[in-house]
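Please keep the structure in view while reading.

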Amino acid sequence: MTSNTANSSTSDVPVVPFIPGRLISHFQSKPQEHHGIGWTELWDSGQSDLWDRGKPSPALIDLIESKPDEIPRPNASSRRPRALVPGCGKGYDVTMLALHGCDVYGLEVSATGVETARAYAAAQLAAPSAYNFSDAAAQDQYSGSGPGQATFIVGDFFARDWEVQCRSDDGAFTGFDLIYDYTFLCAMLPERRQDWARRMRELIAPSGVLVCLEFPTYKGLEHPGPPWGLREGIYWDLLAAGGKGMFDDEESVRAATQATSGGAFTRLRYIKPPRSYEVANGTDMLSIWAPRGS
Ligand SMILES: C[S@@+](CC[C@H](N)C(=O)[O-])C[C@H]1O[C@@H](n2cnc3c(N)ncnc32)[C@H](O)[C@@H]1O
């Protein structure tokens, strides 16, 4: 997603006047119930360049390949980890995770988006680009065991009707071992954030993890989206504290990280990724969350 704001809260960064771009203008007068249609209009009119980064997330690649204990990994003696990427766009991260051995579902509200993602995944799974891996040694290592499946579903994240397509072989839907959010929460109207957190809890397996690449962490909270500006405190309020995740001043969003109870998730890790997309200029953060009570 392109964003034309500069940091408005840090005194040593020059403040650039906020000029709404094409994406914001497209959604500006749309009520909440028309947002899904708003995204399909953009796909159908060939405007996915507004958010398309052209490659999978370097931060997620590095995380997966570093094999931390929290992240489920393929295991020769059991089934592959099952992952979900909601609002998967062209399917870069879906395909990359499949190339790293997961069975991955990409969910998209747009049928054109799903068609585009299926074509992209088919080409990449047959002949993967080097950008799917941190280096050639990693590519060799993961290629040895073959890719998992990449499945794309047309559906609304906030509805439950598509979950039936994610049942495992025994016919049950037991949740995902890994869910990855990048530029999905920031694409939602702030009023929908609590529903986003509730759905994440419904969709995660008891031993699963939610990984969020937090973006845009620099954008002024007073500015319209998408993308809407996000902060550590917004994720914390939604997932750890069970709040609405809606703040309009920096002080209260900073203070939000002090709240300790009420939410459905525990944060396992909060990382500044060594690599991420250039557009964030070093401001992206990675957070890893486990459902409480598991
Ligand atoms: C900002 S884009 C990000 C795409 C992708 N994550 C990427 O990095 O390229 C948000 C995507 O979410 C999709 N989307 C929006 N609302 C959705 C919903 N309720 N359910 C499923 N997908 C949705 C849009 O069609 C769009 O492709």
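## Strand S7

In this predicted model, strand S7 covers residues 285-291 and is mostly covered, with 7 of its 7 residues buried. For S7, both faces are covered. One side carries Met 285, Ser 287, Trp 289 and Pro 291, the other Leu 286, Ile 288 and Ala 290, and all of these residues are buried.

## Pairing partners of S7

Which strands does S7 pair with? One is strand S5, residues 204-214, which runs antiparallel to S7 and is joined to it by 5 bridges. Within this pairing, Leu 213 stands opposite Leu 286 of S7.

Strand S6, residues 265-271, also pairs with S7 in the antiparallel sense, over 6 bridges. Here Arg 267 has Trp 289 of S7 as its bridge partner.

## Val 209 in strand S5

Val 209 is a residue of strand S5. Is Val 209 buried or exposed? Its relative accessibility is 2%, so Val 209 counts as buried, the cut-off for buried being under 20%.

Beyond its neighbours within four places in sequence, Val 209 is in contact with several separate parts of the chain. Its contacts include Glu 70, Ile 71 and Pro 72, as well as Asp 177, Leu 178 and Ile 179. Ile 204 and Leu 268 are also in contact with Val 209, as are Ile 288 and Trp 289. Gly 263 lies 54 residues from Val 209 along the chain, and the C-alpha atoms of the two are separated by 15 Å.

## The whole protein

The protein contains 9 helices and 7 strands. Its C-alpha atoms fill a box of roughly 50 × 45 × 40 Å along the principal axes. The radius of gyration is 18 Å, which agrees with the value near 19 Å for a compact globule, because the rule for 294 residues gives that figure.

Of the 294 residues, 51% count as buried. Among contacts between residues at least 6 apart in sequence, 69% join residues at least 24 apart.

## Surface and charge

The side chains include 27 positive and 36 negative ones, and the centres of the two sets lie 3 Å apart.

Note on methods. Residues numbered from 1 in each chain as written. Predicted model: local features only at pLDDT ≥ 70, side-chain atom pairs only at ≥ 80, totals over all residues. Heavy atoms only, no water. Buried < 20%, exposed > 50% of the residue type's maximum accessible area, 1.4 Å probe, protein only. Helix = DSSP H or I, 4+ residues; strand = E, 2+ residues; numbered from the N terminus. Pairing = 2+ DSSP bridges. Rg over C-alpha atoms; globule rule 2.2 N^0.38 Å. Contact = heavy atoms within 4.5 Å. Lys, Arg positive; Asp, Glu negative; His and termini not counted. Charge placed at Lys NZ, Arg CZ, Asp CG, Glu CD.
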